[in-house]
Amino acid sequence: MGLGVGIFLSAVGAILAFAVSKTVSGVNIHTVGWILLIVGILGIVLSMIFWSSWAGPGYWSNRRRTTTTVDDSPAAPSAS
């Protein structure tokens, strides 16, 4: 589940839990709303955790790594 799906489920769950006042026989709309809200928040949190730990494409390839060499030896005298 991605970040967008988590936000969508949270929004739908909040609407069902807090804004809907109708009743349906056999289904408690408020309970369904709370379940969707909790699942959406968990999806957002997990998405953020995995998103921050993801290095991105090509991170481990050789093209991305650069080596910098620093020469600390004294400069050779110029022949003039």
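Predicted model: local features only at pLDDT ≥ 70, side-chain atom pairs only at ≥ 80, totals over all residues.
**Entry: the aromatic pair**

The pair is made by F18 and W34, whose ring centres lie 5.3 Å apart. Their planes stand at 80 degrees, and over 60 counts as edge-to-face, so I logged the pair as edge-to-face. I then looked up where the two residues sit. F18 belongs to helix 1, residues 3-19, and W34 to helix 2, residues 29-53. The pair therefore ties together parts that are 16 residues apart in sequence.

Are the two partners buried or exposed? F18 has 57% relative accessibility and counts as exposed. W34, at 42%, counts as partly exposed.

**Entry: the chain as a whole**

I recorded 2 helices and 0 strands in the protein chain. The chain has 80 residues, and buried residues make up 15% of them. Its accessible surface comes to about 6800 Å². Carbon and sulfur atoms hold 67% of that surface.

**Entry: S10**

I picked S10 next, which is in helix 1. Is S10 buried or exposed? Its relative accessibility is 11%, and the cut-off for buried is under 20%, so S10 counts as buried.

Which residues does S10 touch, leaving out those up to four places away in sequence? I listed L36, L37, G40, I41 and I44.

**Entry: S47 and M1**

S47 is a serine of helix 2. I found a relative accessible area of 15% for S47, which makes this residue buried. Setting aside residues up to four places away in sequence, S47 touches M1, G2 and L3.

Where is the place of M1? M1 sits in the segment before helix 1. With a relative accessible area of 56%, M1 is exposed.

**Entry: a nonpolar patch**

Which residues make the nonpolar surface patch of about 480 Å²? I noted I41, V45, L46, I49 and F50.

I checked L46 as one of the patch members. L46 is found in helix 2. Its relative accessible area is 46%, and L46 is partly exposed. A patch residue needs over 30% relative accessible area, and L46 is listed in the patch with its 46%.

Technical notes. Residues numbered from 1 in each chain as written. Heavy atoms only, no water. Helix = DSSP H or I, 4+ residues; strand = E, 2+ residues; numbered from the N terminus. Buried < 20%, exposed > 50% of the residue type's maximum accessible area, 1.4 Å probe, protein only. Areas by Shrake-Rupley, 256 points an atom, 1.4 Å probe, with all protein chains shown as cover. Phe/Tyr/Trp six-rings, centres within 6.5 Å; stacked < 30°, edge-to-face > 60°. Contact = heavy atoms within 4.5 Å. Patch = residues over 30% accessible without salt bridge, like charges linked within 9 Å, V, L, I, M, F, W, Y side chains within 5 Å. Salt bridge = Lys/Arg side-chain N within 4 Å of Asp/Glu carboxyl O.
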